[in-house]
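Here are my notes for someone opening this structure for the very first time. Have a look at the display below, then go through the points in order.

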Amino acid sequence: MWVYSGNTWSARLELERPEGYGLDYWLFLHAEETHGVWRSRPLGLSGLAEMAQNLNPKVDRVRTGAIARELEAYAPLAFYLDDALPQSRTTRCVPKGKREQCELDGEWREWLERQATPDAQRRFATRLCEALTASLDRGDLFEAAFLTRRFSSELAELYASPRTLFAGVASAYAREARQPLADCLGGLLDPPQPGGFLVTFPVAPVAISGKVATATLGPPEVSLLIEANPEAETAPAYLGSRSLRAIRVRTAAPTANEALARALPECRNALHLLRVRHYLRTHLYGPVRVVAAQAGDADEAGDADGATSGAEGILLSLDQPFWTPKQGRRPVPELPPRLYKLAQNLPPDQHDRWAALRWHVSQAIGYWPEDVHSAASEVWQALESFAGSAAKVNAVLVPEYRTLLLEELLAFEATKLRQQAYSHRKLFDRPGDWYYCEPKRVPPRKWLARVLDRRSRTHWSTWQDPRAPDLLFNPGVGLLSSLERLRAATAGDDWLTRRLRLAMDHLYGIRNSTVHKGERVGSDQWAAHVARCGLELVLSVANARAAPLLEEIDARDAESASIMPSAAMQAASA
């Protein structure tokens, strides 16, 4: 649940119920803190078509199955597509030794290529947007929720930055002249005309030769920012007389965030060439400066950080697995505390799993800003190492995480509801009717039972100032209502388990293509999405497993500490 503040909360309260739900759900799907399993999935038809190319039946067996399941999920959307879905099975399998080799059916491959053209995909997204608007007008929140998720997935293919879909709607409600939600979503279908940008990526300073300074590193839009070494006269000769300080990329994009996302692959290629051709060991670091190209042209050389005469531009951070920690935000997932002590008290085989987990998680976080596909590969390695085998990721870790996730999601949404209640009280100087969760007084599970029990005086339907948000409590589409149904469902036969397992299969496919074929499968957005799902999964399970072990170790240490003084006294008396 996105927490509104100030004038944005006043504007939200003025909306009719269906439009208010539509806005809440859109911001929730694209907010940074939202758990990966609940976030929008940035994978549409064009992304699937790209992933379906060059499938190797031997290496890409799991990825082929994942793509087939994605295609089957388009059956409810057949009405909005240009062509009818093929009637054949999505895959054809033939026995090969001890296991089958599967490949996408030819009819489905041809159908996907036709639907994934830019014009066809735009028509498809436009129809979804129109149907979404109509469902909100009718007050059909169940259909609106489904279409919102699918429209968001297709729309993500038009943009390179995941921040654009959130900012494009949130900013419209932050202004005084607010647009209706339908106009905001329709506007995202037609991005602004791209403008020119100069994107400057600072790198760790490294001495370079004249040959490197004049080397070609890809297209003409890529250039190096070099400055003279002020200590060249006194420094050793191998340090050289000049240093590389940044890589600058010219690109066309509608916004600064889009410019950063589009320029990153070119910068990454330049870094690869510097490393493998010229043996320069450097890496990205620090914020990226994005300047309008017209302003940047005034001083092509610029400074090392990309500032230009009269045009400072804006600073943007590179992508990272999680959000920046701040008060009021969900705690950033992390490895268990006192991991060194835990490892010392484990048998060798368990010790190796925890050591591999720490290594691969560290590598994933390090790779993330520059190359999220390599980071995703490391996340899978962390999962496989910790589980014990690739098969146990879905067979063991996913069911264990599902149980933990239900409690995490409940605590997260209860916290957001409390923050929104505080925001309401601060703005209107009155407490309001909401019965929110105070964890120190009432556990989240007990609180939820009270607000969902119709016999209770605190049932959500009794809240009038303001009304209870449909995003959380609507019986059909409310997030908290959905959590109650998941608790009652049979584990392994619910949408949450299926989505987690599908994400892990995609992650495994990305790892295989990256490691075995040197290919980046899917967009950076999609790789980041499944990698974050995997990272949240393995860190959550690791913390849950570590807690009782650490308690046992502490209890054993305390017992040893109490025995030792007695032994010392006996020895002294003897």
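Does Arg-338 count as buried, partly exposed or exposed, and what is its relative accessibility? The reply comes under point 5.

1. A word on the model before the rest. This is a predicted model, where local features need pLDDT of at least 70, side-chain atom pairs count only at pLDDT 80 or more, and totals for chains, interfaces and linings use all residues. Residues are numbered from 1 along each chain as its sequence is written, and side-chain values use heavy atoms, with hydrogens and water left out.

2. Now the overall build. The protein chain has 21 helices and seven strands, taken as DSSP runs (helices are H or I, at least four residues; strands are E, at least two) and numbered from the N terminus. Its radius of gyration is 27 Å, close to the 25 Å from the globule rule for 574 residues, so the chain is as compact as a globular protein of that length. That radius is taken over C-alpha atoms, and the rule is 2.2 Å times the number of residues to the power 0.38. Along its principal axes, the C-alpha trace spans about 90 × 80 × 65 Å.

3. Next, cover and contacts. Of the 574 residues, 47% count as buried; buried means under 20% relative accessible area, exposed over 50%, and partly exposed in between (1.4 Å probe, protein chains only). Among contacts with a separation of 6 or more, 71% come from residues 24 or more positions apart, a contact being heavy atoms within 4.5 Å.

4. On to the cysteines. The whole structure has zero disulfides, a disulfide being a pair of cysteine sulfur atoms within 2.5 Å. For Cys-129, the closest cysteine sulfur is in Cys-184, 10 Å away and so too far for a bond. Cys-129 is buried at 5% relative accessibility, and Cys-184 is buried at 4%.

5. Arg-338 counts as partly exposed, at 34% relative accessibility. Its phi is near 50°, a positive value in a residue other than glycine, and Arg-338 sits in the loop between strand S7 (314-316) and helix H13 (339-344). Tyr-279 also has a positive phi, near 55°. Tyr-279 belongs to the loop between helix H11 (256-278) and strand S6 (288-292), and is exposed, with a relative accessible area of 61%.

6. You'll find Pro-466 in the loop between helix H17 (444-452) and helix H18 (470-473).
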